[in-house]
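Thanks for coming, everyone. Have a look at it first.

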Amino acid sequence: MPDHDGHPDLDEYDLSKILHALSDANRRSVIVQLAEQPDGTEQFCSVFGMPWALSTRTHHFKVLRTAGLVWQRDVGNGRMTRLRRDDLETVFPGLLEQIVAADRRGRAAGE
């Protein structure tokens, strides 16, 4: 059962939710930015440079959180976000690596 913030347990991961979360280019960019940081790096939601209004940003991070892609915790009046790297690798080995590689190919092609 997900915790009170909607973070799913490992046995609750659903590939369709992950794929839905990653179908948005901006959400995918958040995951790639976190994946390119050292393991355990936490960032405030506002540092990702997304063109989202506050209410929209809340929605997009909820999608990432409930899909199991990120952990979030409240800090003061903000939220810190951390990639669930080990959990993703446990449930879907190689998926994160493929997401980052596809993003790099897209950037190299000028997308």
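Start with the largest nonpolar core, which has 25 residues. Those with the most contacts inside it are I18, V30, I31, F61, L64, L69 and L83. Where does this core come from? Four helices each supply at least two residues: α1 (15-22), α2, α3 and α5 (95-108). The largest share is from α2, with five residues. Bear in mind that this is a predicted model.

Now α2 itself. This helix spans residues 25-35. Which of its residues are buried? R27, V30, I31, V32, L34 and A35. Note the arginine, R27, in that list.

Leaving aside neighbours within four places in sequence, V30 is in contact with F48, M50, W52, F61 and L64.

Next, T81. You will find T81 in strand β3, residues 78-83. Buried or exposed? T81 is buried, and its relative accessible area is 0%. The T81 side chain also has a polar partner: the side chain of Q72, at 3.0 Å. Again setting aside neighbours within four places in sequence, T81 is in contact with L34, T41, E42, Q43, C45, F48, F61, V70, W71 and Q72. So T81 has a relative accessible area under the 20% cut-off, and that is why I call T81 buried.

On to the spaces. The largest pocket holds about 230 Å³. Its lining counts 13 residues, and C45, L54, T58, G78 and R79 lie nearest the centre. Which elements contribute? α3 (54-67), β2 (70-75) and β3 each supply at least two lining residues. α3 gives the most, five residues. By class, the pocket lining has four nonpolar, five polar and four charged residues.

The largest cavity has a volume of about 40 Å³. What lines it? L34, Q37, P38, D39, G40, T41, R82, L83 and R85. The classes there are three nonpolar, three polar and three charged.

One last link. L34 is buried in α2, is in contact with T81, and lines the largest cavity.

Conventions. Residues are numbered from 1 along each chain as its sequence is written. This is a predicted model: local features need pLDDT of at least 70, side-chain atom pairs count only at pLDDT 80 or more; totals for chains, interfaces and linings use all residues. Side-chain values use heavy atoms; hydrogens and water are left out. Buried means under 20% relative accessible area, exposed over 50%, partly exposed in between (1.4 Å probe, protein chains only). A polar contact is a pair of N or O atoms within 3.5 Å; within protein, one must be able to donate a hydrogen and the other to accept it, and residues adjacent in sequence count only if both atoms are side-chain atoms. Contact means heavy atoms within 4.5 Å. On a 1 Å grid over the protein atoms alone, a cavity is a set of points where a 1.4 Å probe fits but cannot get out, and a pocket is an open set with protein on both sides within 12 Å along at least five of seven lines; lining residues have an atom within 4 Å of a point. Grid points are joined across faces, edges and corners, and a volume is the space filled by probe spheres set on the points. Ala, Val, Leu, Ile, Met, Phe, Trp, Tyr, Cys and Pro count as nonpolar, Asp, Glu, Lys and Arg as charged, and the others, Gly among them, as polar. A nonpolar core is a set of buried Ala, Val, Leu, Ile, Met, Phe, Trp, Tyr and Cys residues joined through side-chain atoms within 4.5 Å.
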